[in-house]
Amino acid sequence: MAKSLDLELAATTKIYGETIAVDAINHKFAAGTYSCLLGPSGCGKSSTLRMIAGHESVSTGDIVLGGTNITDLPPARRGTAMMFQNYALFPHLSVVDNVAFSQKMKGVEKPVRLKKARQLLELVDMAAYAERLPSQLSGGQQQRVALARALITEPSVLLLDEPLSALDPFLRIKMRLELKKLQRELGISFIHVTHSQDEALALADDIIVMNGGKIEQAGSPRDVFNTPTTEFVARFIGGHNVLQQKGASVALRADRLRVKKAAGEDGAVLTAFVKDVEYLGSTVNLALDAGGAGDLTAALTDEAFFQDPIEIGATVFLTWKPEDAHQLAA
Ligand code: ADP
Ligand code: MG
C-alpha cells in the first residue's frame, strides 16, 4: 500500500476572475490523519480540494506532499486521488472494469489489473457485485465502487468532496463509520469536505473550519467544539451561545448554561424569558430571550428537565461557571 505522507499548503490561493475563492491558506495535514474541511457553501472547500487533486490550477502558492512540490503535476502523478461527489462511474463498464480503469490507462496487463481491482472490491465489501453495471447498484454501493476506484492508484492522500451528501441519513451514518475504519486500516490521509458539523466532529482527527476563502480555526474536534476562537466558529459549529460580557464577545456552550427558576444565592447573571421548549430525546433545548443579551439556547439533559419541568412563558435565571465562557477574537 501507499506511503503515508504529510501534505502542506503554503499560501495556496485560487482566484477565479474577480473572486478570491481561496485566500493564501496555510495548513499542514499530518501523515495518516483524517481531516475535514468544514464550512458553509461557497467558502472555498471544493476549490481547495480540487487544487490539491490537481483538477484546478493554483493561482499562487504551493502544495507540497512528503517534501515534493506537486503544485504543477498532473492529477495522476501527484500521489493523491479524488472521489467525486456524484461518483462519476462509467455506466457501460462493469464494476470491476470501472475499478480497474486507471490501471488499464497505465498499460497494466489485464490479469494483473483485474486481480488488483478485485482486491480493492474486497476491501470495500463489494466483491460479490464485480460483474454488475453501476445502474444495478444502490447509491451506497456505487459509492463503495467509487472509493475502490480512487484507492486502486495507491494514493498517499484520498480526497473526498461531500461524499455522504447524496445518501439518506441512516446510510450516511453507516458510511461515515466505514470511511473512518477504512482510513484507519489504510493508514493514509483522508481529506473530506463537508458542510455538516456533526459529520466533521464524528469523523475527523483534525477539523479545518473555513470562511470566505480563509481558515478560521484548525484543531481537534474537541478543541474546535470546546474552545471556538471566533464568533463565526462558535456559531457555525453549533451548540454555543455568543454573548457580550464586559464589552467583549464570549462563547458559552448551550449545555453549560445553568437555568434556575428562582434567583439563587450564587447570583443570577441574566434573567430570561422562555420562548420555546424543544424535546430532542436525550436533551431538552430551551429557547430563551435574555433581553439585551439576545436570544440564547440552554440544553438540559432530559433527566434534569423532567425533574422540574419549565413552562413556555416562564421567567428563569441564568448562571454559568466563569471558566466555561471562552473569549472570542474581535
Ligand atoms: P465550497 O465548496 O466551499 O462551496 P467553492 O470552492 O466551490 O466553495 O467556491 C468558492 C467560491 O469560488 C464561490 O464564490 C464560488 O462561486 C466560486 N467558484 C467556484 N468555482 C468557480 C469557477 N469554476 N469559476 C468561477 N467561480 C467559481
Ligand atoms: Mg463544494
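Author: This is a predicted model. One backbone feature comes first: just after helix H1, Gly54 has a positive phi of about 85°.

Reader: How many of the 9 residues of helix H1 are buried?

Author: Helix H1 spans residues 45-53 and is mostly covered. Its buried residues are Lys45, Ser47, Thr48, Leu49, Met51, Ile52 and Ala53. Of the 9 residues in H1, the number buried is 7.

Reader: How many disulfides does a search of the whole structure find?

Author: A disulfide is a covalent bond between the sulfur atoms of two cysteines. For the sulfur of Cys36, the closest cysteine sulfur is in Cys43, 13 Å away, and therefore too far for a bond. Cys43 is likewise in no disulfide, with the sulfur of Cys36 as its nearest cysteine sulfur. Over the whole structure, the number of disulfides found is 0.

Reader: Is Cys36 buried or exposed, and what about Cys43?

Author: The cut-off for buried is under 20% relative accessible area. Cys36 has a relative accessibility of 0%, so Cys36 is buried. Cys43 has a relative accessibility of 2%, so Cys43 also counts as buried.

Reader: Which element supplies the largest share of the lining of the largest pocket?

Author: The largest pocket holds about 570 Å³ of space. Its lining has 23 residues, with Ala81, Met82, Ser102, Arg149 and Thr153 closest to the centre. At least two lining residues come from each of strand E6 (80-83), helix H2 (95-105) and helix H4 (139-151). The largest share, 4 residues, comes from E6.

Reader: How many residues in the lining of the largest pocket are nonpolar?

Author: The lining residues of the largest pocket divide by class, with 5 polar and 3 charged. The nonpolar residues in this lining number 15.

Reader: Which elements give two or more residues to the lining of the second largest pocket?

Author: The second largest pocket has about 240 Å³ of space. Its lining is made of 14 residues, and those nearest the centre are Arg258, Val259, Leu300, Ala304 and Ile310. The elements that give two or more lining residues are strand E13 (258-260), strand E16 (295-301) and helix H9 (302-307).

Reader: How many charged residues are in the lining of the second largest pocket?

Author: By class, the lining of the second largest pocket includes 7 nonpolar residues and 1 polar residue. The charged residues in this lining number 6.

Key. Residues are numbered from 1 along each chain as its sequence is written. Chains are lettered from A and ligands numbered from 1 in the order in which they are written. This is a predicted model: local features need pLDDT of at least 70, side-chain atom pairs count only at pLDDT 80 or more; totals for chains, interfaces and linings use all residues. Side-chain values use heavy atoms; hydrogens and water are left out. On a 1 Å grid over the protein atoms alone, a cavity is a set of points where a 1.4 Å probe fits but cannot get out, and a pocket is an open set with protein on both sides within 12 Å along at least five of seven lines; lining residues have an atom within 4 Å of a point. Grid points are joined across faces, edges and corners, and a volume is the space filled by probe spheres set on the points. Ala, Val, Leu, Ile, Met, Phe, Trp, Tyr, Cys and Pro count as nonpolar, Asp, Glu, Lys and Arg as charged, and the others, Gly among them, as polar. A disulfide is a pair of cysteine sulfur atoms within 2.5 Å. Buried means under 20% relative accessible area, exposed over 50%, partly exposed in between (1.4 Å probe, protein chains only).
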